[in-house]
Each structure stands twice: as structure tokens, then as C-alpha cells.
Amino acid sequence: MAPTLSLRLRHQVLDVDLSLPLEADAPVTVLFGPSGAGKTTLLRCVAGLDAPAPPARVVLDGEVWNEGRRRVNARRRGIGYLFQDHALFPHMGVDANVAYGLTGLPRAERRARTAQALADAGVAHLAGRATRGLSGGEAQRVALARALAVRPRLLLLDEPLSALDAPTRTGLRAGLRAVLASSGTPTLLVTHDRAEALALGDRLVVLVDGRVHQQGPVQEVFSRPATPEVARAVGTENVLSGRVESRAGGLVRVGVAAGALVAPDPGGLVPGGRVLACVRAEDVALETEAARAASPRNRVAATVTAIVPEGPLERVELDAGFPLTAYVTRTSRHELGLVPGSRVRAVVKAAAVHLIPRT
Amino acid sequence: MDWDAVALSVRLASATTLVLLVGAVPLAAWLAFSRRRWTVLVEAVVALPLVLPPTVLGFYLLVALGEGSPVGRWWSETTGSPLVFTFNGLLVASVLHSLPFAVQPLMASFAGVDRRLLEASWILGRSQAATVLRVVLPLSRPGLVTAAVLSFAHTIGEFGVVLMVGGNIPGRTRTVAISVYDSVQSFDYATAARTSVLLLLFSLVVLVATYALNRRGGPAWPRP
């Protein structure tokens, strides 16, 4: 059985009972939620930086870190922590920062581990540099190398990309995912950014108002929000995994379970590469078989499996060879005569398909 | 001018500064980290010399270090010489009298270090002491400089406590501030003026140098 991190916290806004599997081949758990949901507080309680009010329980793989008032010191937990603003020691160079946690090792091994950590984080070329001149992206990588150099049992990342500007962020996402996946260190990552959650996470835990509302594989949670709160927090999004089939004229053809979707090319894709194709449920239009094809849009045949009223809209669950969710108004549901079992076509404009590369 | 007194004052101020830098860093770090309620009591005691008349502090020290007290007796039995009216007694008195001038700039500097850096250090497995040495102190250099300079200058200028604990023994406990008082008492205004000018210039130079060092980062507030 895979090791687990189990938490019971009643601290500030948090009211959480959570058990997370930590697997080396799917290492990243994303803690997702709006700001003020208690994500960072939860992370700091796991790190031992905040003392949660009793009764609290934090257990990693059978080792009790927190029970009632008893608490293992943060420095004895053997974790790595990436702070939002990276928190590099400004009076030390890149190497000294990365080597900081490597105490009690012979000098040669310290140096070797430092170089290895920098290489693993993809910034071997920054060795010997001062910390002051680093760009935001470089600082983030150095901080990641520092956290990984001590070979932590658990890696905690607090909004790792939020301190960077938007273009840098998009570029660094795929790289960060590659580093996390290849290190295999169980990771708990906090974010409020949907694209970040989709690009980086294997599992998703949705935290709203201090409570866990849903947890599961990332795609599943985004496609099938269990509660209205989750739907509001994540937005109902159809997340389909697929492979790039071809690129031409600024468009990408992506093969998904039962066909293909055409989407604008976000750049950085290679034919055969894995991607997640995201379509918001609001952007899925439904038409009956009778309607004629009008424009070269993405359309797939589907069967209605369920219809759930949600306020003024109705959520229509479809089976198109893969699960798909659409929102329609009550009026159009009547016009289309939708009932569970109806045969329809789901139509998605190419522009509404958002691709996220996924290694 | 009484050069013996100047030399003694410089020796006393140097020793006091050295002792304070070694002693005040852990004290300031402890005060900065402590969560205990009675920390404020310690803080208040450390600050006492700022408001207490030097003669009052001197009186208590005279009693506490004298032959009638266990401390004074233990000292003269171990070393063969008394504490009061000697250089060592002056040193103890100066250290206590200048304590707030060392501890307060250090605490202010420590508090200005980004707490995220401390947390990063703990998470990387370092103890509080190691964190203070490797992260807090290097980033508190202005506070260290201020603490050292103020301790030194304050000791040079101290009068009441020294007079109470050390008396006025030429070459042994007569410091430069006392020699000014002595000169005036014997109507030797010329000597008093020369010594005073020396002290005035010294104090001014020291303060200008300190503020210049600490201001290298530019003004604290931007211009509107």
C-alpha cells in the first residue's frame, strides 16, 4: 500500500479530515481553492510552521508529526518547502543557498549534491552566480533545487508560479511539471489557478471555506464537480486527455477518446505529445441530429445520461465515448426535447478549446 | 590633558563593547524569538539603565559587587582582588549600563529580517542558534554596527555609574569623563576645555560615521 499523509485539522478556517496517497509515479497533489480557503494555512500546518489548535493530527506514513499539543519541530520533519516569493538567502550565492540544508556531509559530497540538485532543477548554468541578479523564474528554480537537495520525504509548494509574470509562468509550468515528475518526491502544491492545477497536478483536493469538498484525479474533479461549491470554485470544465495528431495554420488537431478536436495552437506542442483539452461546459452547445452541419466546428455524437437543474441553467451530462458536460437554458432544453437517453450532437467552437501540454 | 584617563576610557570602552557583542546577540535573539509572557519583564529590566539615574544603578552595583555581598566575596576569594574600585568592577558596571544600547538596535534589526528566511532555514534542518548565526546576523549588519558604536560611545561618556563603582583613582578607575569633572573642581578650566573638545569631536565623528553607514541604502521614505 502506498504511504499516506493523513491530516485532521481544526485550525482557524480549517476543518479538515484528509488522507492523501503519496505515490512516486503520480506524485503531485494539488490543493485547489479560492483565496481565503485555508490552503496556505494547511500547508504551513503540515510543514510544522504553524501550530494547529488541538485536537490536531498530522501523520506522514505512520510517523506522527502532530498529535494534540505534541508537535515535531519543522526542522526534524525532513520536508522541502517552496515559498511563494522563493525566500532565497540574499546574502549567499546560488551554491551556498542550495547547499544550506546539506549539513554533516563531507565537503566533496556537499558540492556534488549541490551540483546535482541544480542540474535536476534545470539550472546547472546558474552555479557560482549571486542571488541578487536572478530573474523570478531563475530564483524559483534555485529555490526548488534548494528544497530538493536535502532529498525531502515530502515537498510542499506554496503557489510556486504566482510571483512570476504571466508569460514566464506559462513557460515555466511544463518545466516545473517535468522536474516534479522526474524527482518522484510526493508533492503537495497549493494554487488557485486552474491552468496551473491542470498542468501540474495528478490529484486534486478542492478546499472551499476551510473544508475539503472533493478529491480525486485532476481531470475527474474538473469534469465532474461533486457539489455546487466545487463547480463554482473550479468552473465546470470538460478535461479530455489526448495526443497531438497534427499542427497546421495555427491550429492543432488533437486525438481524443472517440474522435478529434481542433484547437488554437498554444505553442510548444510536439506531434504525439500528451495534452489536456479543456472545454468549459458553458461552451458546449447541443443540437439534435436533425440540424445540418454549418461550419467546420468540433462536433461529436453523444447520448444524454443525466440532466441536473442548477439555478437558471441545467447541467447536461453526456456520453460521447468520453464523459462530457454541457450547460443549457431550461428553454432550450425544452426546445431540443432533451431527456436522458436522447441522441444529440455536442458542438464546440475551436476557439473554446484550451490546450495544456502535459508530460 | 590626562592621557592616562583617555587610555583607560578607551580600554574600558573596547572591553565593554566586546563583552556586549558576545552577550547581547543571544539575549536579543532570545527576546526576539521568545513567546513567553514574562519576556516583557526581561525587556524592561534590560532597558532600565536608560531611565534610572546612573547614581542609583551605581549604588546598587556598589552594594552588589562589594565585599559585603556573596558575589564580591566570591570574586576576591577566587582572584585575590576586590571588584569595586577596580577595572573589572568598572567593566561589569559598564556592561550593565550600556546593555540597552546594544540589545535594542540588535532587536530592531532582527525584527526586520524577513521571517520567511528564518522559516526556510528551519525547514532545511537548521537549529535556531545556527539560523541566527548564518541568516539573521549577516542580514543585521547595520544593527550590529549601531550596537557596537553606541556601546563604545556610551561607555566613553559614562560618569555617574563609574564614579559610584570605581571611585576616582588616577590610572586605575579615573575615566576621561571624571577627569573633566576633576579639572573643573580644581578650577583648571583650560584642561577641562581641552578634554571636553576631544570628547565632543569624538562623539560627533562616531555618530556621523554610524548614521552614514546605515544610510547607504538611501532615505527610509520616498519623496512624494
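This is a predicted model: local features need pLDDT of at least 70, side-chain atom pairs count only at pLDDT 80 or more; totals for chains, interfaces and linings use all residues.
## Annotated spans in chain B

Residues 12-33 of chain B are 100% helix and 0% strand.

## Where chain B touches chain A

How many residues of chain B are in contact with chain A? There are 13, and they contact 15 residues of chain A. Helix α6 of chain B, residues 115-123, gives the most to the side of chain B that touches chain A. This helix provides six residues.

The side of chain B that touches chain A can also be sorted by class. Eight of its residues are nonpolar, two are polar and three are charged.

## Two domains in chain A

Chain A is divided into domain 1, residues 4-237, and domain 2, residues 239-357. The centres of these two domains of chain A, taken over C-alpha atoms, are separated by 33 Å. Their contact takes 12 residues from domain 1 of chain A and 13 residues from domain 2 of chain A.

Which helices supply the side of domain 1 of chain A that touches domain 2 of chain A? Helices α6 (194-200) and α7 (218-223) of chain A each supply at least two residues. By class, that side of domain 1 of chain A has six nonpolar, four polar and two charged residues.

How values were computed: Residues are numbered from 1 along each chain as its sequence is written. Chains are lettered from A and ligands numbered from 1 in the order in which they are written. Helices (H or I, at least four residues) and strands (E, at least two) are DSSP runs, numbered from the N terminus. Two residues are in contact if their C-beta atoms, placed from the backbone, lie within 7 Å. Ala, Val, Leu, Ile, Met, Phe, Trp, Tyr, Cys and Pro count as nonpolar, Asp, Glu, Lys and Arg as charged, and the others, Gly among them, as polar. Domain bounds come from an automatic or database domain assignment.
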